[in-house]
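Hi,

Here is the structure I promised to send over.

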Amino acid sequence: MENNNVIKVALVDDQLLVRSGFRMLINSQEDMDVIAEAGNGREAVATPLMSQADVILMDVRMPEMDGIEATERLLDPSKSAAEGPKVIVLTTFDMDEYALSAIQAGASGFLLKDAPPEELLESIRTVNKGDAVIAPSTTRRLLDHMAPLLKKESTQGNKELSELVDSLTRREREVFGLIALGRSNPEIAEDLFLSEATVKTHVGHILAKLEARDRVQAVVIAYQTGVVSP
């Protein structure tokens, strides 16, 4: 009998040993199940089950098709983040530009390849819930590291992004600032003395106004427009 509460996970990595380790760890959890695997991006895109996963763990550097192109192809830009799989990119600290490209392709966050097992499992659960930026410490360190790159790259589009940010109400701007700091909905509710339902509504309005696919994209916009800086 299928349990609807089980998080369906897919693995995309060209190293069989890495995939085997992830599979054993994930399948040892009562609330997770590996439903698909692929050895490179091309295989991933050609695997029908990928689109049924809740969370995809995606390596960046792979032969034939890298994780960035695979992420772009697997995530339908016309759909919101809630409608398709969420992608966690497996990265290392020397890959700033890859990490940035992955987020722009629609990834929901990063995980360092040598992260401890608990952090991997927690990240899958966090991303699946969709109410917090994945592993804030990792994502935050990488974004801080990439901030100059983000600023430089977005100079042309900055005016348009700034106008979108300016369209936020005062309360939405407060919530946006806290999202940018990696706060979850319950934490934002506590900080601003609001109900979680109200925060959820604000977050929905913010993502719509910023034309952001999900919270991670909203955080990138915050860095690009100087709402938050390292």
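Contact here means heavy atoms within 4.5 Å. Helices (H or I, at least four residues) and strands (E, at least two) are DSSP runs, numbered from the N terminus. The axes are lines fitted to C-alpha atoms, for helices over the stretch in contact, and the angles run from 0 to 180 degrees between N-to-C directions.

Before you go further: this is a predicted model, where local features need pLDDT of at least 70 and side-chain atom pairs count only at pLDDT 80 or more, while totals for chains, interfaces and linings use all residues. Residues are numbered from 1 along each chain as its sequence is written, and side-chain values use heavy atoms, with hydrogens and water left out.

Two strands pair if DSSP finds at least two bridges between them; strand 3 (residues 55-59) and strand 4 (residues 86-91) run parallel and are joined by 5 bridges. If you want one to look at, Leu57 has Ile88 in strand 4 as its bridge partner.

Back to helix 1, which also packs against helix 5, at an angle of about 70° and with the axes 11 Å apart. The two helices are therefore roughly perpendicular to each other (angles under 35 degrees count as roughly parallel, over 145 as roughly antiparallel, 65 to 115 as roughly perpendicular and the rest as oblique). On the helix 1 side you'll find Phe22, Leu25 and Ile26, and they meet Pro117, Leu120, Leu121 and Ile124 in helix 5. By class, that contact has 7 nonpolar, no polar and no charged residues. For the classes, Ala, Val, Leu, Ile, Met, Phe, Trp, Tyr, Cys and Pro count as nonpolar, Asp, Glu, Lys and Arg as charged, and the others, Gly among them, as polar.

Two other helix pairs are worth a look. Helix 8 (residues 170-180) packs with helix 9 (residues 185-192) at an angle of about 130°, their axes 10 Å apart. That makes helix 8 oblique to helix 9. Arg171, Glu174, Val175, Leu178 and Ile179 in helix 8 meet Ile188, Asp191 and Leu192 in helix 9, and the residues of this contact divide into 5 nonpolar, no polar and 3 charged.

In the other pair, the axes of helix 10 (residues 196-210) and helix 11 (residues 215-224) come within 10 Å and cross at roughly 60°, which makes helix 10 oblique to helix 11. Val203, Leu207 and Leu210 of helix 10 make the contact with Arg215, Ala218 and Ile221 of helix 11.

Last, the salt bridges: the count comes to 11, taking a side-chain nitrogen of Lys or Arg within 4 Å of a carboxyl oxygen of Asp or Glu. In one of them, the side chains of Lys113 and Asp13 meet at 3.2 Å, N to O. Lys113 lies in the loop between strand 5 and helix 5 (117-129) and Asp13 in the loop between strand 1 and helix 1, so the pair ties together parts that are 100 residues apart in sequence.

Cheers
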